[in-house]
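Visitor: Could you walk me through this model, one question at a time?
Guide: Gladly; here it is.

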Amino acid sequence: MWKFRFSILLVLVLSLIYCNPGEIDYNQEVKIEPTSDENYGDVAQLLKDTFRIDIKKISVDMVYFPESFYVNCETEIVFTMFKDDTKPIIHLQPVLADQRLVDSILLNGESLDAYNRSDVDFIEIDGPNQKVLEFQRILNTGIEHRLKISYRKNLTNNYYMFATEVSDLYGNGNETIFPTINRPGELALHKLRFRVSGDMKFRLIGSGLVQKIENDDYQEWTLDTEREMASYTVMFVLLPEDDTLYEEKAIDGVDVRIMAFKNDASIDTAFSTLASWLPELRTNLGPFPMKRGLSIMLMGSGGGMEYYGGTISSLWALEHEIFHMYYACSTVPATYRDSWLDEAVNEWYENSALPNFNSINDDYSSNIVSGRSPIGIGFDGRAYNEGAQILEHIAVNMGSRQAMIDFLKYVHENYSFKPFTTIEFVQYLKDYSGLDYEDNFKKWLFSGETVNKTSSTQNYNIKKHQVNFIPPQSIIDKYENLNKGVVK
Ligand SMILES: [Zn+2]
């Protein structure tokens, strides 16, 4: 995600005017006792013990009823267990929110009752923000298990849209739409089918291979990620054809598809930005990582969010989000707290090209990583500033910006789609260059006595780097049946 830049003074003044810290749940997130990473022991084992299942494939069959503002979902996940004699869990927000929305649950063919706690229980992982469904059946390793859940997902009635709404900063993944495990390191093959009911014509863009299917009864598309990839980076956007523009073009060998609202952001400007940005990234970091190219939902305002082979982004945030195709969407953080690195690398690349960019002080200490549990959600907002300065320290030690870029290319080439932790990144650095940053990283990221209280400046920035998914008012105004009072 992208951060706005303002002078400190302007930010402080605006923060005082606009920021109501009470409405930002980021503050709750950071009330974690100061701790060292040693408290969590073997992180890989903790992840297996907590999340219990390894998803191979997620299939989602959706029928969207735009004018009734809901989607009927029939889903199947194929998974294995990490350990024998354990109960599987899954994240699925619509079912947690209201069991009346559940039509059926079948685990390995057995029908389970969403209301019966001896069939399905609701438990918490690392605090109230992460509830999961725990199926009360003991399963074993070594065989594939199948979970089928049918349910209705309700949408807000302020516009005719159905789209992913991931926020890695807050730790919201795709569990708001389909069953998954909400942790960055959960890689799975995704096959989604969309059918739209009614006469209103829609467009769909999204991650991976998207195909329009002939169907006399519905408008239909399929989306196939064609490989196991981070589940929380699956993107799709379904919007009315009448309200949007769509163009596609090959740039530097990458198929680029751009959708935008009419009378909103300039698609031409986006294409010309990419005409120089994609070749630069290819030269510095390697071939574009996604074989089906790039799908962009171009917004007229706000920041952006990166997805696998896609982004929902303003023009302002576009270069930042496309950079994330390399760091965040193909290299993948093992846990949310490791996501600081993707932002730090991204910001470092931008800032290190400018004069007077300073590296972190040797005596800096913080709990940017250790302030959060490996099984927690979201990442620390200091990633953008102090995080980028940490990478500059390494670049200076390597001798040049280009030497650091070459290392980043090496990591991308060797560790894409192999989720890694912050400490594993330190090991890759040592393997590549001989530089040993373990003690520095422990001090810079895994210590610090102060709890990460976000400042009002940070709150302002954090609030502002969210996607602003709002159609222009002229589009809202033309519809009679929308609830215009709740448009955000
Ligand atoms: Zn970002």
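Visitor: At what distance does the side chain of asparagine 215 make a polar contact with the side chain of glutamate 220?
Guide: A polar contact here is a pair of N or O atoms within 3.5 Å, where within protein one must be able to donate a hydrogen and the other to accept it, and residues adjacent in sequence count only if both atoms are side-chain atoms. This is a predicted model, in which local features need pLDDT of at least 70, side-chain atom pairs count only at pLDDT 80 or more, and totals for chains, interfaces and linings use all residues. Residues are numbered from 1 along each chain as its sequence is written, and side-chain values use heavy atoms, with hydrogens and water left out. For the side chains of asparagine 215 and glutamate 220, the polar contact is at 2.6 Å.

Visitor: Which backbone nitrogen does the side chain of asparagine 215 reach?
Guide: Asparagine 215 sits in the loop between strand S12 (209–213) and S13; helices (H or I, at least four residues) and strands (E, at least two) are DSSP runs, numbered from the N terminus. At 3.2 Å, its side chain reaches the backbone nitrogen of tyrosine 218.

Visitor: Is asparagine 215 buried or partly exposed?
Guide: Buried means under 20% relative accessible area, exposed over 50%, and partly exposed in between, with a 1.4 Å probe and protein chains only. Asparagine 215 has a relative accessible area of 24%, so it counts as partly exposed.

Visitor: How far apart in space are asparagine 215 and arginine 195, C-alpha to C-alpha?
Guide: Asparagine 215 touches Arg195 and Glu220, leaving aside residues up to four places away in sequence; contact means heavy atoms within 4.5 Å. Asparagine 215 and arginine 195 are 20 residues apart in sequence, and their C-alpha to C-alpha distance is 9.1 Å.

Visitor: What is the relative accessible area of threonine 225?
Guide: Threonine 225 lies in the loop between strand S13 (219–224) and strand S14 (229–230). Not counting residues up to four places away in sequence, it touches Ala188, Leu189, His190, Gly208, Val234 and Tyr308. A polar atom of its side chain lies 3.0 Å from the backbone nitrogen of histidine 190. Threonine 225 is buried, because its relative accessible area is 1%.

Visitor: Is glutamate 226 buried or partly exposed?
Guide: Glutamate 226 is also in the loop between S13 and S14. Although not a glycine, glutamate 226 has a positive phi of about 65°. Its relative accessible area is 29%, so glutamate 226 is partly exposed.

Visitor: And is arginine 52 buried or exposed?
Guide: Arginine 52 is placed in the loop between H3 and strand S1 (53–65). Its phi is near 65°, a positive value in a residue other than glycine. With a relative accessible area of 17%, arginine 52 is therefore buried.

Visitor: Which helix gives the most to the lining of the second largest pocket?
Guide: Helix H3 (43–51), helix H10 (422–433) and helix H11 (438–446) each supply at least two residues of that lining. The one that gives the most, with 4 residues, is H3.

Visitor: Over which residues does pLDDT stay under 50?
Guide: pLDDT is the predictor's confidence in each residue, from 0 to 100. The protein chain averages a pLDDT of 89, and 87% of the residues score at least 70. Where pLDDT is low, the predicted coordinates should not be read in detail. The stretch where pLDDT stays under 50 is residues 4–36.
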